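Welcome! Below is a short tour of a two-chain model, with the coordinates open beside the text.

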Amino acid sequence: MRSDLRRNWVKILSISVGLVLAGFIITLLLLVATHPSPSAVIESLMTKEIQFAIYLSLATSVISTLLCILIAVPAAYSLARYDFWGKSFVSTILDLPLALPPLVAGVGLLLFFGTTPIGDFLESIGIVFVFTPLGIIIAQFFVNMPFMLRIMRSTFTDISPRYEYVACTLGCTNLQAIWRVTLPMAINGFLAGAVITWAKGIGEFGAALMIAGATRMKTETLPISLFLNMSCGELEMAISAAIILMVISLVSLYVFEYFGGSAKF
Amino acid sequence: MLTIEHISKDLGEFILDDVSLTVKDGEYFVIIGPTGAGKTILLETIAGIYPPDSGTVSLNERDVTFMPPRERNITMVYQDYMLFPHLTVAENIGFGLKNRKLPADEIAGKVAEISDIFGIGHLLHRYPSTLSGGEQQRAAISRAIVLEPSVLLLDEPLSALDGQTRERLRIELRRLHAAYKTTIIHITHNFEEVFSLASRVAVMHQGKIMQVGTPDEVFRHPNSEFIAEFVGVQNIFQGTCKITDGLSEVTVKGADGPHLICSSLCTENTNVTTTIRPEDIMVSCTKLASTARNSFAGTITDVADNGSMVRISVDTGLPFIAAVTRQGWCSLGAEIGGTVYLTVMAQSVHIF
């Protein structure tokens, strides 16, 4: 075949790969969404079980996201602004839960809260993580904290420390400078990070399963509900849970991109 | 009075090495030096952004070395403005006043007053990103000066601006200093800013202060080879501008009386600094018949060959340095002690 400048095979081939992949994803989503009849979905949504799962998912994911914010924001700030001994080691370790299989994280959490003196102490004062919704929260927190951390770290790195310097010469303490200047400037990264952390939290399964178990109407979040109903053949219920999770992830992804999240991750 | 004694600071990439300086009240002090000389970290140390590794900073005889920035009453303006993007121009300018817990109406009054002085009064409700570079820098300077600081630090405040804006803002800075008598430390690598603004100038290199003095002293009598090379500009003369027959002439006092140098236009009866680049001077053994306005006869006092160019020092009553190509020098056939004519076009004479 004669080569022709107007026919760039690399371009045509690589674009085709992208298009096929996108088509595959859309097909899967449509299959899930169209499998049950709409009336069956609405019926499932009305059941106590799915409503409990929605409630438990929202409650645990919101709380775990707040925890992630509380811990990840200061940690990310320190990694972006200061040099300290062992910084690159700390930085790598904080990202580790990203690469770790959630099941392994879950086993670790189970051992920590089930067999160590710290876990025993917390249990003695009534804070029980094993097989409770609290366990779901700590599992979501542990697995998803790196998302918030990474996004906030690159957001803070992108903001010149000189804004804070100027704020300090204009009468701010260090903390006021962060509060009044850096954090407002970091709002987009903050929102993108919070949304993706929340969305990942709602979908968290493996680690939560390990520490909190899968008890109907007790630790039954949407993914756990999907798993339980699938295992006992309640296909309609399972897919309703799947559809909710799907909608949440689509909306979250849109919001995440809107705030420039992918550039910061 | 700001006194810095033996300040050292190692930030890895940039260092300060035993820096001592005294800046008097109301002085316009310019620090000049090549990139990486440590100029910015010197300003940031004065502002209190980092503690120095050793040495002391004192302000009006009070030791402020380890005092946090907010208690120093020293404000700072950066090259890239650093206006807070989430606040309007008015909120930016009022930021420091709000920290001082002033009542809102008093803040509004002060903000309006300072912004009018800088001609940005009509921009107060806008956000910084919608402003031009010159407007942003005016807002940044307003934000710093509205607090009536003991010392105002300017870190290359004009470097990010285009030529015309830079010139206008430079004139405004001079006006501002004359009106407020604020002590200013201004960092630059632009020689024009030194001559038009500085009461005194310091040259920095590799974290050290190499020389301090009036611009004239430093540029005419560099104390080291580095400075001689760094300042590069030669043929610097101070004089008074006068316009006769539409052409401006500068009267410069020489060793043997006044000399006239024709130049491109300047305003009448102002004190100016003229510079002529050595490359812009034509050297000949006989008087050139040319349309060039400036022709001076003089004696060669020194010749320096630095490879491709030969620098000739000529005394015409004013100490000129001319640069000619090596070939030009050979074909000229002149030597030290001989008489040559220097010819300079009026538009090659720069004035600031």
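## Where the chains meet

In this predicted model, the contact between the chains draws 18 residues from chain B and 13 residues from chain A. On the side of chain B that touches chain A, the elements giving two or more residues are α1 (39-47), β6 (74-77) and α3 (95-99) of chain B. Sorted by class, that side of chain B holds eleven nonpolar, four polar and three charged residues.

## Chain B as a whole

Chain B has ten helices and 20 strands. Its C-alpha atoms fill a box of roughly 75 × 50 × 35 Å along the principal axes. Of the 352 residues of chain B, 40% count as buried. Taking contacts in chain B between residues at least 6 apart in sequence, 64% join residues at least 24 apart.

In soluble globular proteins, nonpolar side chains tend to be buried together. Here the largest nonpolar core has 137 residues, and the members that touch the most others are L109(A), A139(A), I211(A), A241(A), I46(B) and L153(B). Helix α7 (residues 133-158) of chain A gives the most to this core, with 14 residues. A second, separate core of 19 residues includes I261(B), V340(B), L342(B) and V349(B).

Which residues does I211(A) touch, leaving aside those up to four places away in sequence? The list is G106(A), L109(A), L110(A), F113(A), F129(A), V130(A), G135(A), I138(A) and A139(A).

## An enclosed helix and a hairpin

Why is α5(B) described as largely enclosed by the rest of the structure? Twelve of its 13 residues are buried, so the rest of the structure largely encloses α5(B). Among these buried residues are E135(B), R138(B) and R143(B), along with A139(B), A140(B) and I141(B). The buried residues of α5(B) pack against β6, α2 (89-93), α3, α4 (104-117), β7 (151-155) and α6 (163-180) of chain B. From its first C-alpha to its last, α5(B) reaches 18 Å, close to the 18 Å expected at 1.5 Å a residue.

Strands β12 and β13 of chain B pair in the antiparallel sense over seven bridges. They form a hairpin with two residues between them. One bridge joins S248(B) to its partner S263(B) in β13(B).

| Element | Residues |
|---|---|
| Helix α5 of chain B | residues 133-145 |
| Strand β12 of chain B | residues 247-254 |
| Strand β13 of chain B | residues 257-263 |

Conventions:
Residues numbered from 1 in each chain as written. Chains lettered and ligands numbered in written order. Predicted model: local features only at pLDDT ≥ 70, side-chain atom pairs only at ≥ 80, totals over all residues. Helix = DSSP H or I, 4+ residues; strand = E, 2+ residues; numbered from the N terminus. Buried ≥ 20, exposed ≤ 12 C-beta atoms within 10 Å, placed from the backbone. Contact = placed C-beta atoms within 7 Å. Nonpolar A, V, L, I, M, F, W, Y, C, P; charged D, E, K, R; others polar. Core = buried A, V, L, I, M, F, W, Y, C linked by C-beta atoms within 7 Å. Pairing = 2+ DSSP bridges. Expected span 1.5 Å × (residues − 1).
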